[in-house]
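Subject: The structure I promised you

Hi,

Here is the structure we talked about, so please open it before you read on.

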Amino acid sequence: MSGSPHVIRGSVSLPEAELMWRFSRSSGPGGQHVNTSDSQVELRFDLAKTQALPEVWKERALERLASRLVGGVVTVRSSEHRSQWRNRETALVRMASLLAEATAPPPRPRRATKIPRGINERRLRQKKQRAQTKRGRDGRDWS
């Protein structure tokens with residue numbers, strides 16, 4: 001296709017041999033030509049059987065994409081563009097970013113920290129000062 005492999009992350013990329021393409025007529029704009037050309041692209045990747053991903057990544061992706069998988073296969077469609085070639089590019093990029101997101105390591109757990117006493121005391125002092133200012137506005141001593 002474009003010659004350059006679509007990198008998922010690091011040195012891991014989408015293997016061209018494991019990608020399954022399907023083309024069909026796309027709805028939307030395109031004039032008379034659209035009735036004869038198969039510009040919609042469906043890209044399928046067998047996540048369950050692939051050897052391209054490290055085992056840890058594969059398990060993580062299978063778990064995170066469970067709702068999108070049909071028999072271990074993840075599918076991406078593209079029909080925004082009028083040309084099949086551009087739809088293929090879009091589908092490849094989408095698939096690579098989807099897999100990159102699904103295989104990303106989980107975020108580090110947040111370490112709970114204690115608010116310093118000085119900051120809390122300053123906040124309470126400012127609250128008291130503000131309350132005092134507002135209390136002074138009741139208008140009783142205005143002549």
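Predicted model: local features only at pLDDT ≥ 70, side-chain atom pairs only at ≥ 80, totals over all residues.

**The core**

Start in the middle of things. The largest nonpolar core holds 23 residues. Ile8, Leu14, Phe45, Leu47, Leu65, Met95 and Leu99 are the ones with the most contacts inside it. Where do the core residues come from? H2 gives the most, with eight residues.

Leaving out residues up to four places away in sequence, Phe45 touches Leu14, Pro15, Glu18, Leu19, Met20, Thr50, Gly72, Val73, Val74, Met95 and Leu99. Among these, Leu14, Met95 and Leu99 are also on the list of core residues with the most contacts.

**The two helices**

Next, look at how H1 (residues 55–64) and H2 (residues 84–103) sit against each other. Their axes come within 8 Å and cross at roughly 100°. Angles from 65 to 115 degrees count as roughly perpendicular, so H1 is roughly perpendicular to H2.

Which residues make the contact? From H1 there are Trp57, Arg60, Ala61 and Arg64, and they meet Glu101, Ala102 and Thr103 in H2. Sorted by class, this contact has three nonpolar, one polar and three charged residues.

**The salt bridges**

Some background first: side chains of opposite charge can pair when their charged atoms come close. How many salt bridges are there in this model? The count comes to three.

Glu42 forms a salt bridge with Arg22, and their closest N and O atoms are 3.5 Å apart. Glu42 lies in strand E4 and Arg22 in strand E3 (residues 19–24), so this pair ties together parts that are 20 residues apart in sequence. Are the two partners buried or exposed? Buried means under 20% relative accessible area, so Glu42 is buried at 7%. Exposed means over 50%, so Arg22 counts as exposed at 52%.

Glu42 also meets Arg77 in a salt bridge, with 2.9 Å from N to O. Here the link runs from Glu42 in strand E4 to Arg77 in strand E5, 35 residues apart.

The side chains of Arg94 and Glu80 meet in another salt bridge, at 2.8 Å from N to O. Arg94 is in helix H2, while Glu80 is in the loop between E5 and H2, and the two are 14 residues apart. Arg94 counts as partly exposed at 33% relative accessibility, and Glu80 is partly exposed too, at 48%. As for shared partners, salt bridges join Arg22, Glu42 and Arg77 into one network.

**A loop residue**

Last stop: find Ala17, in the loop between strand E2 (12–13) and E3. Is Ala17 buried or exposed? With 81% relative accessibility, Ala17 counts as exposed. The C-alpha atoms of Ala17 and Phe45 are separated by 10.0 Å, and these residues are 28 apart along the chain.

Have a look around, and write back with any questions.

Cheers

Methods: Residues numbered from 1 in each chain as written. Heavy atoms only, no water. Axes fitted to C-alpha atoms, helices over the stretch in contact; angles between N-to-C directions. Helix = DSSP H or I, 4+ residues; strand = E, 2+ residues; numbered from the N terminus. Parallel < 35°, antiparallel > 145°, perpendicular 65-115°, else oblique. Contact = heavy atoms within 4.5 Å. Nonpolar A, V, L, I, M, F, W, Y, C, P; charged D, E, K, R; others polar. Core = buried A, V, L, I, M, F, W, Y, C linked by side-chain atoms within 4.5 Å. Buried < 20%, exposed > 50% of the residue type's maximum accessible area, 1.4 Å probe, protein only. Salt bridge = Lys/Arg side-chain N within 4 Å of Asp/Glu carboxyl O.
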